[in-house]
Amino acid sequence: MTTAFDPIDLSGTRLANRIAMAPMTRSRAGEGGTATDLVVEYYAQRASAGLIITEGVQPSVVGQGYPSTPGLHSAEQVASWRRVTDAVHAAGGRIFAQLMHAGRIGHPDLLPDGLTPVSASAVRPAGQLFTGTGTADFTTPRELTGDEVRQTVADFAAAARNAIDAGFDGVELHGANGYLIHQFLAPNTNLRDDEWGGSDEARIRFAVEVVKAVAAEIGAERTGLRISPGNPYNDIDEPARDAVYTALVREIEPLGLAYLHVLEAVQIRELTLALRKQFSGTFVLSALTDGPTGPDDHSVVDDGLADIIAYGALFIANPDLPARLKAGGPFNTPDPSTFFGGGAKGYVDYPALDDVQVQAVQEQGGGVG
């Protein structure tokens, strides 16, 4: 029987085990969206994961959605990430960069003068976000023109090339959790009636085009996609999720991607099973049972539901998580007050946010990815 502790070949990249570190926003980038010494230490500490998937990294300036998040669109950013990938590889690990364009989940205060968040359509999300100095209401995004949509596809491809130049083993495209790719997929955030919206087939086009562009740039074997069918996070509504996601997977299946990463945000195991059957490549799962992925959930690999299991918050509190899982514990309890800007309590000494800041960032998805 295959277990989570067995190695796996990920389209030519050998992983020591089938335990992935899920992408999690940490808001700890330095000036100019660069990776800092703390980022190097944080990922190197967790190199025993079969695969590390980084926090969301913006592919362009306007793609930023949270304070102090990193990018992969400048030479300085590429050089800073090279230190991270070198450290992870020196420790025997493998690491993919998650490329995340936040779309409408952002604020002008986070962007250079004159820029505003953009999206598939000009639909303002409900709620507020933390801007780094306080909370603010979400604003109405500017709808991307057709030419801008195509430029955004090109931005993803350029960032993917930068990721490889920075030493990453591959990239994961963030099509989940209500960010830009997800905003094109969902009918309540994509009101377009052009080639990028108006039907299920048109709404999946942006996701498909981004995947194809990145695969053409760096190779399908170094390209993964994360999705979260039915996830209402960031004010998303997908009443016909099954049709949309089966259509999406049908389009990307022939490309030979490194993996498909499914985040179970709601109890829809039937759709997970259907997508698992539909996708012939490596299937990564962030499982939802009674809550976030827990110590016993690696059994989904034993059961054949997934090829790789991804852990989130538990990896923050337990940098050596694979060893602890194999031993059956003990496990440190994740402390949300240390999730943003700092490290896991007991591993990296760094000032924690106050309670108001923690609540604000949790509500906008920090620590989740």
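**Gln98**

I'm working from a predicted model, where local features need pLDDT of at least 70, side-chain atom pairs count only at pLDDT 80 or more, and totals for chains, interfaces and linings use all residues. Residues are numbered from 1 along each chain as its sequence is written, and side-chain values use heavy atoms, with hydrogens and water left out.

Gln98 sits in strand S5, residues 95–99 (strands are DSSP E runs of at least two residues, helices H or I runs of at least four, numbered from the N terminus). I looked for side-chain partners and got a polar contact of 2.9 Å between Gln98 and Glu172 (N or O atoms within 3.5 Å, one able to donate a hydrogen and the other to accept it). Gln98 also touches, among others, Pro23, Ile53, His174 and Arg226 (heavy atoms within 4.5 Å).

**Helix packing**

Next I took H6 (residues 205–218) and H7 (residues 241–252): their axes are 10 Å apart, at an angle of about 25°. That makes H6 roughly parallel to H7 (angles under 35 degrees). Ala207, Val208 and Val211 of H6 meet Leu248, Glu251 and Ile252 of H7. I noted five nonpolar residues, no polar and one charged in that contact.

By class, the contact of H3 with H6 has eleven nonpolar, one polar and three charged residues.

Notes: Axes are lines fitted to C-alpha atoms, for helices over the stretch in contact, and angles run from 0 to 180 degrees between N-to-C directions. Angles under 35 degrees count as roughly parallel, over 145 as roughly antiparallel, 65 to 115 as roughly perpendicular and the rest as oblique. Ala, Val, Leu, Ile, Met, Phe, Trp, Tyr, Cys and Pro count as nonpolar, Asp, Glu, Lys and Arg as charged, and the others, Gly among them, as polar. Lists of a residue's contacts leave out its neighbours within four places in sequence.
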